[in-house]
Amino acid sequence: AVFRYQWHRHFWQASSGGLRLMRGIVVVAVAVALAMQPGECEKDLQPSTKDLEPYEIDAAGAVASYRQTSKYDAGFFAPAMSLHHSGVMVMLEAAVRRAEEMGVPQVVCIVDASGEPLGEIRMSGSKFLSRKTALAKARTAASINNLSHRLPEAVASSLASASQGAITSLKGGLPIRVDGALVGGIGVGSGHGDQDIEVARAALAAAGADNVE
């Protein structure tokens, strides 16, 4: 009985001390909250809308500092421009219109900067085999960021063989650039080389792309 009494007395004493400590913590927390500016608590709880780098931690494990930065500064990402499907449609329509004015049915292929097809049309009366060459011209222009016929002749044959015909030095392929940035390539085939280039230039002009010389 004595043991139980002393144990209970020690328990209640410890509990009373704990309650006093908790009351003290609550009082301090309330005082700090009242001392802060109105709305400051809410502001601190709101996530920042700015891009922040991870905190820099010192040797003791405390947060030392942080600095605001753009996510691109780290070098992991880069902004890129891409060719929209509406631009593809504008270029295809302009190419067809120019080919009709010339009286030369054409095949027109447009690819993005990685060579993936975005749109194409084979006009009635054009050569069906020109579909393959028009695609190759577009991919070549996008790959070398230049006119397809400027592929060096010294490597043209070997590249054409290695790529199974996906690369060509035929005339008719132009890179699609916007303010100097490569966004794709256009290839035109079924006419003579100069006719193919003329149709491709008309397409670029209609979309407001850079003129390629």
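The model is predicted, with local features needing pLDDT of at least 70 and side-chain atom pairs pLDDT 80 or more, while totals for chains, interfaces and linings use all residues. Residues are numbered from 1 along each chain as its sequence is written, and side-chain values use heavy atoms, without hydrogens and water.

**View 1. Crossing of helix 3 and helix 6.** The axes of helix 3 (residues 85-102) and helix 6 (residues 193-207) cross at roughly 140 degrees and come within 8 Å. Axes are lines fitted to C-alpha atoms over the stretch in contact, and angles run from 0 to 180 degrees between N-to-C directions. Helices are DSSP runs (H or I, at least four residues) numbered from the N terminus.

**View 2. Residues between helix 3 and helix 6.** Helix 3 contributes Gly87, Val90, Met91, Ala94, Ala95, Arg98, Ala99 and Met102 to the contact (heavy atoms within 4.5 Å), and helix 6 contributes Gln195, Glu198, Val199, Ala202, Ala203, Leu204, Ala206 and Ala207.

View 3. Aspartate 196 lies in helix 6. Its relative accessibility is 2%, so aspartate 196 counts as buried (under 20% relative accessible area, 1.4 Å probe, protein chains only). Beyond neighbours within four places in sequence, aspartate 196 has contacts that include Gln106, Lys137, Lys171 and Ser190.

**View 4. Helix 5 and the residue after it.** Helix 5 (residues 153-162) is hardly covered, with one buried residue among its ten. Just after helix 5, glutamine 164 has a positive phi of about 55 degrees.

Conventions
Helices (H or I, at least four residues) and strands (E, at least two) are DSSP runs, numbered from the N terminus. Buried means under 20% relative accessible area, exposed over 50%, partly exposed in between (1.4 Å probe, protein chains only).
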